[in-house]
Amino acid sequence: WDVTSIGIDENAVWFGHSSWNQLGRGISRYDKQTGKWQRFNDQNVPLPSTPYEIIAVDDRYVWAEENYRYDNLNNSWGTYTPSAGEFVLEAGYAWYKGKPICKYNNGEAGSKTISVTGKMAADGDYSWVIDRDKLIRYDMKTADKQEYTFKSPYQSLLDLYSIAVDTDCLWLRTRDDIRRYDKKNDEWQIITAPQDLERALNFTTSFMATDENYLWLVTKMGPIKYDKSANWETFTMEDGLLSNGIRSIADDKEFIWISSDKGVNKYDKRSGSFSREEKLLDSVGKIDVDDDYIWFTKDYWIPNTHYYCLGRYNKITGSSTTYFVKDIGLGNSQVSAIFPDDNYVWFGTEQGILRYDKLNDLWATFTTTNTPFPNNNISCIAADERYVWVGIDSNYPGKGGLARYDKTEGTWTIF
């Protein structure tokens, strides 16, 4: 399950796989309506026996490497090769070196990016393409070409990683920084981040997205959101934090809750000020909000013994309850995820799942003994209206994967 690319259309989610193994390579399709999976590779459709990338998705076709495309109208694979040339306007598309960038509306504004590579984009007037250390802009009406390159302070050319476009600007992630191009004024600006964000930005991968309010960057240290109408903003102990060693953050209607190695702060969204929870001044790990309660993880030390615990804190009364994980049913397991969902709270651990029934004050466990889990090392949990989705780490004895719990049927499915 080595996923290297992803694309979404109206009916399905598509995944490209990098494995050279016969069982692992190809393209997967997840049907959003039926929940069924399909795998396409050289064993069942006319695709080559190589790892595959999804490079573009539109309202009819899913485009893959080497000019292969899936036709959603006919449910079939085929190929289309545009005319030779670096930038070509043909068959209702704009192409760069044979790969589709966007649909082409005969020179009219409104061309929409269909490329999912992060290296090609369209804004109606222009197509933008990253080609290693060059950013190329093509005029959609005239096909005129303009190239941009960017240098480091040492005058070496910067590698370019990803682009995103909105109404007014193009955003470019280089090896060293983020740059913004003002399309109206034809001006470039380097976006300066606070020093404590530079390390995260240095780990940025090839993914960046934008809407009219925010720029999102995906990094190996987590996602970063930049408010385009303001500067980056950071907070420290000088602003009222108990510690700069932040462990976790949760949000409710009025407050942002922040756990650290010295306890829990809450940030009042209306006043913009920090306060501390006087009854939560010990080291706290993960944290999440569930109506009137705060759920959190903490460590409890008895001489020569280390216990993992869960805590439930009542925001109204200030009372708290501590649960030793070893007493609930999974041994002394470290908790990796907390997810409140309706009448239950779900906890992922390295030995399975704990579920707390809020109505009946009961605990349940889910492990390889009563589910089809490939192993018990749970990495993450999320939920929608009907399903609970569980990530199972593969860096553990046995295989990993994705588990889904049907809240209506009470059954598990493994992908």
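The protein chain has two helices and 38 strands, where helices (H or I, at least four residues) and strands (E, at least two) are DSSP runs numbered from the N terminus. This is a predicted model, in which local features need pLDDT of at least 70, side-chain atom pairs count only at pLDDT 80 or more, and totals for chains, interfaces and linings use all residues. Residues are numbered from 1 along each chain as its sequence is written, and side-chain values use heavy atoms, with hydrogens and water left out.

**View 1. The whole chain.** Of the 415 residues in the protein chain, 45% are buried; buried means under 20% relative accessible area, exposed over 50%, and partly exposed in between (1.4 Å probe, protein chains only). The chain exposes about 22,000 Å², and carbon and sulfur atoms supply 46% of that area. Accessible areas come from the Shrake-Rupley method with a 1.4 Å probe; for residues, only the protein chains shown count as cover. Among contacts between residues at least 6 apart in sequence, 33% join residues at least 24 apart, a contact being heavy atoms within 4.5 Å.

**View 2. The sheet E5-E6-E7-E8.** Four strands form an open antiparallel sheet in the order E5-E6-E7-E8; two strands pair if DSSP finds at least two bridges between them. E5 and strand E8 (76–79) stand at the edges with a single partner strand each, so one side of each has no neighbour in the sheet. Neighbouring strands are turned by 25 degrees against each other on average, direction ignored. For such angles, axes are lines fitted to C-alpha atoms, for helices over the stretch in contact, and angles run from 0 to 180 degrees between N-to-C directions. E5 and E6 run antiparallel and are joined by three bridges. Valine 57 stands opposite valine 62 in E6.

**View 3. The largest nonpolar core.** This core has 14 residues, and those with the most contacts inside it are Trp14, Ile27, Phe40, Leu47 and Trp77. A nonpolar core is a set of buried Ala, Val, Leu, Ile, Met, Phe, Trp, Tyr and Cys residues joined through side-chain atoms within 4.5 Å. At least two core residues come from each of E2, strand E5 (54–57), strand E6 (61–64) and strand E7 (68–71). In soluble globular proteins, nonpolar side chains tend to be buried together.

**View 4. Aspartate 9.** Aspartate 9 is found in the loop between strand E1 (3–8) and strand E2 (12–17). Its relative accessibility is 10%, so aspartate 9 counts as buried. The side chain of aspartate 9 makes polar contacts with the side chain of tryptophan 14 at 3.0 Å and with the side chain of asparagine 72 at 3.4 Å. A polar contact is a pair of N or O atoms within 3.5 Å; within protein, one must be able to donate a hydrogen and the other to accept it, and residues adjacent in sequence count only if both atoms are side-chain atoms. Leaving aside neighbours within four places in sequence, aspartate 9 is also in contact with residues including Lys32, Val57, Asp58 and Val62.

**View 5. The sheet E27-E28-E29-E30.** Four strands form an open sheet in the order E27-E28-E29-E30, with antiparallel pairing. Strand E27 (287–290) and strand E30 (320–324) are the edge strands, each with a single partner, so one side of each is left without a neighbour in the sheet. The twist averages 30 degrees from one strand to the next. Strand E28 (residues 293–302) and strand E29 (residues 305–314) pair over ten bridges, and isoleucine 294 has tyrosine 313 in E29 as its bridge partner. Aspartate 291 lies in the loop between E27 and E28. Aspartate 291 has a positive phi, near 55 degrees, although not a glycine, and is exposed, with a relative accessible area of 62%.

**View 6. Cysteine 309.** Cysteine 309 is found in strand E29 and, at 2% relative accessibility, counts as buried. The C-alpha atoms of cysteine 309 and tyrosine 323 are separated by 5.6 Å, with the two residues 14 apart along the chain. Not counting residues up to four places away in sequence, cysteine 309 touches Phe296, Thr297, Lys298, Tyr300, Thr322, Tyr323, Phe324 and Val325.

**View 7. The hairpin of E37 and E38.** Strand E37 (residues 401–406) and strand E38 (residues 411–414) pair in the antiparallel sense over four bridges. Arginine 404 stands opposite threonine 413 in E38. Four residues lie between the two strands of this hairpin, and glycine 410 in the turn has a positive phi of about 70 degrees.
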